[in-house]
Amino acid sequence: QDLNNKSYKSGFISIIGRPNVGKSTFLNKVIGQKIAIMSDKPQTTRNKVQGVLTLDDAQLIFIDTPGIHKPKHRLGDFMMKVAQNTLKEVDLVLFMVNAQEGFGRGEEYIIEKLLNVKTPVFLVINKIDLIHPDQLMKVIGSYQDKFDFAEVVPISALEGNNIDRLLQQIKERMPQGPQFYPADQVTDHPERFIVSELIREKALHLTREEIPHSLAVVIEKMERQPEKQMVHVMATIIVERDSQKGIIIGKQGGMLKEIGKRARHDIESLLGSKVFLELWVKVQKDWRNKATHLRDFGFRD
Ligand code: GDP
Ligand code: K
Ligand code: MG
């Protein structure tokens, strides 16, 4: 990777939409089977990577929006916040709808509650293979009345119609940036990111309200050690204040130990291997002000 390559673009994209509109089918088409299988593993992590598409001149990283793929689209206040924060942090939102169904209450709800962000939103009208072109114009109209979409793109995720054009338009919206993932590693396992999210999740869960969601986890090292048949993971938990560091470490290191124990358990099942997990805690003031944390943390290699 050429770090001085000024024309390379990279960014984060969230796909939202009601169940069965075709989100998974789209990702499958774009990224391929492997990642889709990966994304079906049960994980409750925030900002889980669903797939990464590495092109010659851009890398598109699709990020899950937790909560909104649940069967019920009524989210609790908390999940709503989580979802909204994700949508704020990404570079682009794809709002996918079913061309056959048109605007409905589910869509209205998403527009009202979730799309209240500055991030550009594309309306992706999927399953156009199932409708007549005249109907498409009506569907588009019904949505454009409701929201100011940056683009409106009709596609068929199943048959592949217009997918290339959509990818081109996505690319145009991506900021200049590095290739976060090496092209080969990515197509298989965005493991590091998931590992960092697993640790983050345990830390947040165990400390409850005391630690804000600004906590970040950087994977310093993730190394297979075939001779010991285990993976050595070294990670740093980053907080913003000394007091938070104290909470994370806990009495006689008890909290950090518990975070490590629970995270290790999950990482072992993710990697299918024994794991030696080494956890460190570091204070870094205002790290959130440094670009978005999606970029600064978790993706470091
Ligand atoms: P998700 O819940 O949004 O992830 O939706 P899925 O990707 O699971 O798709 C739901 C159903 O719609 C599946 O049976 C897909 O095969 C079907 N589907 C998805 N995209 C298309 C499309 O472009 N055309 C047609 N005809 N069916 C589609
Ligand atoms: K589904
Ligand atoms: Mg799906």
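**Ligand site and fold of a predicted model**

In this predicted model, a side-chain N or O atom of Lys23 lies 2.8 Å from an oxygen atom of ligand 1. Such a pair is a polar contact, defined as two N or O atoms within 3.5 Å; within protein, one must be able to donate a hydrogen and the other to accept it, and residues adjacent in sequence count only if both atoms are side-chain atoms. Asn126 also approaches the ligand: a polar atom of its side chain is 3.1 Å from an oxygen atom of ligand 1. Ala157 uses its backbone instead, with a polar atom 3.0 Å from a ligand 1 oxygen atom. Alone, ligand 1 would expose 580 Å², and the protein buries 73% of that. Accessible areas come from the Shrake-Rupley method with a 1.4 Å probe; for residues, only the protein chains shown count as cover.

Residues are numbered from 1 along each chain as its sequence is written, while chains are lettered from A and ligands numbered from 1 in the order in which they are written. Local features need pLDDT of at least 70 and side-chain atom pairs count only at pLDDT 80 or more, whereas totals for chains, interfaces and linings use all residues; side-chain values use heavy atoms, without hydrogens and water.

The shell of ligand 1 holds 15 residues. A residue belongs to the surroundings if one of its heavy atoms lies within 4 Å. The closest are Asn20, Lys23, Ser24, Thr25 and Asp129. Helix α1 (residues 23-31) gives the largest share of the shell, with 3 residues. Helices (H or I, at least four residues) and strands (E, at least two) are DSSP runs, numbered from the N terminus. By class, the shell has 5 nonpolar, 6 polar and 4 charged residues. Here Ala, Val, Leu, Ile, Met, Phe, Trp, Tyr, Cys and Pro count as nonpolar, Asp, Glu, Lys and Arg as charged, and the others, Gly among them, as polar.

The chain contains 11 helices and 9 strands. Of its 301 residues, 53% are buried. Buried means under 20% relative accessible area, exposed over 50%, and partly exposed in between (1.4 Å probe, protein chains only). The accessible surface of the chain is about 15100 Å², and carbon and sulfur atoms supply 49% of this.

Helix α8 (residues 191-207) has 17 residues. From first C-alpha to last, α8 reaches 24 Å, close to the 24 Å expected. That expected span is 1.5 Å times one less than the number of residues. Helix α8 is largely enclosed by the rest of the structure, because 16 of its 17 residues are buried. Arg208 follows α8 and has a positive phi, near 50 degrees.

Ser10 lies in strand β1 (residues 9-16). Its relative accessibility is 1%, so Ser10 is buried. Beyond neighbours within four places in sequence, Ser10 is in contact (heavy atoms within 4.5 Å) with residues including Gln59, Asp91 and Gln176. Gln176 sits in the loop between α6 (163-173) and α7 (183-188). At 54% relative accessibility, Gln176 is exposed.

Lys127 is partly exposed at 23% relative accessibility. Gln252 is exposed, at 87%.
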